[in-house]
Each structure stands twice: as structure tokens, then as C-alpha cells.
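Student: I would like to learn how to read a fold from its contacts, its core and its charged pairs. Could you take me through one example?

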Amino acid sequence: MNLQAKIKRDIDSHALMSCTGLEHQLASIDFKALSRYDDDDSEATYTVENGVATIDVRGLLVPETSSDYRSWGVTGYANLADYIQQANDDYTVTSIVLDIDSGGGYVAGLDGITETIYQSTKPIETFVSGDMYSAAYWLGASTSKVTASKQSGIGSIGVYVVHTEESGWLERYGEKVSLFRSGKWKAAFNSFMPLTDDEKQRLQEGVDESASVFFNHVAAQRNVDAKTVKGWEGDVFTAVKAKELGLIDAIADSVAVSSSTNQSNTNPKTEGESMDLQEAQAKIKELEASEAKAVQEAADAKANALAAQNKLAESQASTRQAAIDKLAADTGREFTDEQVTAFKAMDDAQFAVAEFMAQPVTPKAPELPGGLDKAQATNGREGGESKILAAVEAAKAQGAK
């Protein structure tokens, strides 16, 4: 069974989901390209820089996949556990970062991956480069520290199941399904008829039980009261609000900024020594100022890079327009707006080909065979023409007599 069919089957079977925008996530996955994927071309399971292994967590979270499908927007919990174990076994790795951009996914499989995180011999932190919702937050909150980019979305803490009822559709097409069963739980939750009150209650109980586990997990990991977590009712928050609520520890633009901020938090005092209240408050202000400065510097650098990129684009556009104008002048042609737009969209190599193809072609006289001049080449033809003309003139003269 392929992955798409398996996901559909699980959803139709009321698999517990902790996911935001499930339909959108499914629509964004190119299952056809994924089915043609050759595992021999797979990317590295993680990258290592300065001893830090970064493992990407992307898209829909499912229990397991047959290959590494993260580039297509699907991450398997079992696969992720393997990558963490590989990083633990790698002597070049000293710590691990989960780089998360996911709207969540299945509840099934979360126990296994969180246990892997807990059992890791190397410290694991989370950096949220995109969004971290639902099951993705369950996953990220299991690590020792959570840092998010300022544009990230955090939260959607909760669980649900999907039930599809087709009775109205069947009635519309004049079809009616009858079920004969040995008990009320046989063929329960089928899509042919509306759910009974008992079935609704059973599904809700399963959701509530799993959600309670989720709330208590967040409460334990983030030092927040479980009732408070439940009171958010699955809401989503900006990174700034999430930090206020205690759902994340810091805001940074990259893993590197997060790491440098973390290093600056190192207590300069020897172990066992404590700060007095005034000194501790001063240190907190110092760290907050340092963090704000780092965020601002990163934002300034980003703005400068964008300005430089825009300037380069303007220069390239001006150069290309000048080349288009010259081509029009050289060829005496007037290009349409569509042609000009197409020229501007080309890269340099493509435009060079277009310039060559647009030049007019000058007819070239055939070259004479080697050793012949023009007189020799045309002698026979011109001689024959002379005899014919002489005969015509003679005939005219004879007619006049």
C-alpha cells in the first residue's frame, strides 16, 4: 500500500490526529513524484557544523515512511528516531538540533520518538524555522530547549479525529445502505449512516484521553499548569506570544544565533555559588539586552542583504533592457510586450541564443569550383544564348523580305 492510500485509510479509520491544516498539508505533498523517488538519491539525514548535527523535521508527521521523504513534506517518527541514533553514534557530533517546520500529524508514533529524545546521550534542542503546531509541538517540547524564529507560529495543542458521513450523498443518488450486525459496536463509526450518540461519545472519549496526555506532557516539559494548557483550546500563537506563555525559551533568526545566546547565558560563577537578587536582576537585563541586540543585528543584516539583492536585480534588468533595445535597432524589428517580457525572463545563455536567432540572414552566393573564373564558369551558357539571339534576328529579317 502506497503512502497516500495508507494515510487516507488511517484518516477514514478515525486515527487520532494532532495536526493543523491537514487538508492543506496533504494537498501540498506531490505523491506522484514521491512514488518515483529513488532512495539512492536521498539527501544526508543531517548536517554537522561545529559539532552540532541539525536534523530537519518537515511537513506531515506520520509513524513511518519507507524512505526519507522530508524533501516532499513528510517525516516519519521511526525514521527520525533512526537519524537521532545515527547522530548519537557519530563521533563528530557533540549536540543535536531538530529544525522544525511542520503543522503536525499522527498521534500514533509520538511515544516512540519522544522516548528516543529522552534516551539520547547527546543534548537535543529545537529550532523552529517555520511553524511548530500540534504533534510537531509535542515533539519539539520534548527537547531541552526551544528557540523559534520571530515569524514562526507555535501551538495548536490538542487532538481530533475525522469522521466522514456519506448518507446524504447516497440519498441524493437514490442509494440506501442497510447494515445487519451482531452488536452496536460491529461496523460502528461507518460512513453510510449518521453516528449514534454512543459512537460520538466513544470517539470523544478517545480524543479527550489523548488530549489529556498531550496537556500533561506540555505541562511537565514547559512548567505550565495543565489546566492552563487545556484552556488555550488548541489556539495558535506568534513566537513573541508563545515566549510570554512559556511555550518557547527564546527567539532568534538561526540556530547559530540561538547557540551564541545560549553560550552567553553561562553562569560565570563557580558551581555552588549563588547570586544575590540585585545581581541576578542585573544579569537578566543584560541577557535580555544582548538577545534584543542579536535579533536587531540579524534583522539589519537581512534588510541589507535584501537591499543589495534588489539593487543587483535592478542593474541586471537595466542591462537586459539596453540589450533588447540594441537588438531591436540592429535588426530593425519592433518587439511586442510579450516578447520583451520573455527576453527579460531569460538567463544570459538563453538570451544570447535569442539574439543570434533574431539576426537577419544574408544570402550568400555559391562559391565557384576550384580553378574556374567567372568567364569559364559561364562560357557555355553565354555562348548558347548568343547563337539563339542570332537565329531570332535572322528569322525576323527573312520575314521582312
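Student: What share of contacts between residues at least 6 apart in sequence join residues at least 24 apart?

Tutor: Contact means heavy atoms within 4.5 Å. Here the share is 67%. This is a predicted model: local features need pLDDT of at least 70, side-chain atom pairs count only at pLDDT 80 or more, and totals for chains, interfaces and linings use all residues. Residues are numbered from 1 along each chain as its sequence is written, and side-chain values use heavy atoms, with hydrogens and water left out.

Student: Which residues have the most contacts inside the largest nonpolar core?

Tutor: In soluble globular proteins, nonpolar side chains tend to be buried together. A nonpolar core is a set of buried Ala, Val, Leu, Ile, Met, Phe, Trp, Tyr and Cys residues joined through side-chain atoms within 4.5 Å. Buried means under 20% relative accessible area, exposed over 50%, partly exposed in between (1.4 Å probe, protein chains only). The largest core has 61 residues, and Ile 154, Ile 157 and Leu 247 have the most contacts inside it. A second, separate core has nine residues, including Leu 327 and Phe 343.

Student: Which residues of helix α1 are buried?

Tutor: Helices (H or I, at least four residues) and strands (E, at least two) are DSSP runs, numbered from the N terminus. In α1, residues 3–12, the buried ones are Leu 3, Ile 7, Asp 10 and Ile 11. They fall within an arc of 100 degrees seen down the axis, so they line one face of the helix. That arc is taken over the directions from the helix axis to the C-beta atoms. Their cover includes α2 (22–28) and β3 (52–62).

Student: How many salt bridges are there?

Tutor: A salt bridge is a side-chain nitrogen of Lys or Arg within 4 Å of a carboxyl oxygen of Asp or Glu. The count is ten. One of them pairs Asp 12 with Lys 8, with the closest N and O atoms 2.9 Å apart. Both lie in α1, four residues apart. Asp 12 is partly exposed at 42%, while Lys 8 is exposed at 53%.

Student: Which parts does the salt bridge of Asp 99 and Arg 58 tie together?

Tutor: Their closest N and O atoms are 3.4 Å apart. Asp 99 lies in strand β5 and Arg 58 in strand β3, so the pair ties together parts 41 residues apart in sequence. Asp 99 is buried, at 11%. Arg 58 is partly exposed, at 21%.
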